[in-house]
Amino acid sequence: MDRLARILAGRLREERRRRRLSLRKLADASGLSPTTVHQIETGRGSPSLATLQALASTLGVPLATLFESGPPPTEPAVLLPARRRPRTRTPGGSLERLATGLPGQRLRGLVVTLSPGGDTGGEAMTHPGHELVYGLAGRCFYEVAGKDYPLGPGDSLLVDSRRPHRGRNPGRREARLLLVLYAPDEEPAWMDRHTRR
């Protein structure tokens, strides 16, 4: 089990128990099967971003909360060296969490790798705020409100995240994207609909 899968498993279990939800109740409320939730909680599943978002939304936490470990920092900056960056596999590729943990944080960063034929989830997602998508490598499409926007290395796309959106890679080569998510509210649930259908 990779480091991010261990963090995810522990945080999901912790958040579920904090709300006094059984595994089955969380699964039902999220529209997922109990088996899927159990696999994630034991670090054996490879959930899509949409699946993780469904869980985060049901728990009332931002998606990023499921990937955080340890107490908040007391320093004015958080450094996360590349070699320690938590990452996990998803059905459509992989997800890497960038530095996080500042009090009142409104900005979150993710590196999403889309395998050939992969996507961020079968259905489009919505969440409050804005999303900046920056092409790092390969070519793919970012679909926003039913329209495809092609992205290659160095291309950027600013998205009104309240509109349905998702990334997909119909090509034969891997594509990597930097996602920077922002919401104007300081409320911790600002990202709680990211990657949800």
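At what angle do H3 and H4 pack, and how far apart are their axes? The points below take up this question and others on the predicted model.

1. Packing of H3 on H4. The two helices pack at an angle of about 95°, and their axes are 12 Å apart. Because angles of 65 to 115 degrees count as roughly perpendicular, H3 is described as roughly perpendicular to H4. On the H3 side the contact is made by Thr 36, Val 37 and Ile 40, and on the H4 side by Thr 51, Leu 52 and Leu 55. By class, this contact has four nonpolar and two polar residues, with no charged residues.

2. Overall architecture. The chain contains four helices and nine strands. Along the sequence they follow the pattern α-α-α-α-β-β-β-β-β-β-β-β-β. Of the 197 residues in the chain, 47% are buried. Among contacts in the chain with a separation of 6 or more, 68% are between residues 24 or more positions apart.

3. Packing of H1 on H3. The axes of H1 (residues 3-18) and H3 (residues 34-41) come within 7 Å and cross at roughly 120°. The two helices are therefore oblique to each other. Leu 8, Ala 9, Leu 12, Arg 13 and Arg 16 of H1 meet Val 37, Ile 40 and Glu 41 of H3. By class, the contact has five nonpolar and three charged residues, and no polar ones.

4. Geometry and burial of H1. With 16 residues at 1.5 Å a residue, H1 should span 22 Å; its end C-alpha atoms are 22 Å apart, which agrees. The buried residues of H1 are Leu 4, Ala 5, Ile 7, Leu 8, Ala 9, Arg 11, Leu 12, Glu 15 and Arg 16. Their cover includes the helices H2 (23-30), H3 and H4 (49-59), together with the strands S1 (87-90) and S2 (93-97). Just after H1, Arg 20 takes a positive phi of about 55°.

5. Leu 23, Leu 26, Ala 27 and Ser 30 are the buried residues of H2. They lie on the same side of the helix, because they cover an arc of only 100° around its axis. An α-helix has 3.6 residues a turn, so residues three or four places apart point the same way. The face of H2 turned away from the buried side carries the exposed residues Arg 24, Lys 25, Asp 28 and Ala 29. H1, H3 and H4 are among the elements that cover the buried residues of H2. Just after H2, Gly 31 takes a positive phi of about 75°.

6. Two loop residues. Leaving aside neighbours within four places in sequence, Thr 120 is in contact with Leu 49, Ala 50, Val 112, Leu 114, Met 125, Arg 166 and Gly 167. Leu 79, by contrast, is placed in the loop between H4 and S1, and is exposed, with a relative accessible area of 73%. Leu 79 and Ala 99 are 20 residues apart in sequence, while their C-alpha atoms are 6.2 Å apart in space.

Technical notes
Residues numbered from 1 in each chain as written. Predicted model: local features only at pLDDT ≥ 70, side-chain atom pairs only at ≥ 80, totals over all residues. Heavy atoms only, no water. Axes fitted to C-alpha atoms, helices over the stretch in contact; angles between N-to-C directions. Parallel < 35°, antiparallel > 145°, perpendicular 65-115°, else oblique. Contact = heavy atoms within 4.5 Å. Nonpolar A, V, L, I, M, F, W, Y, C, P; charged D, E, K, R; others polar. Expected span 1.5 Å × (residues − 1). Buried < 20%, exposed > 50% of the residue type's maximum accessible area, 1.4 Å probe, protein only. Arc of directions from axis to C-beta.
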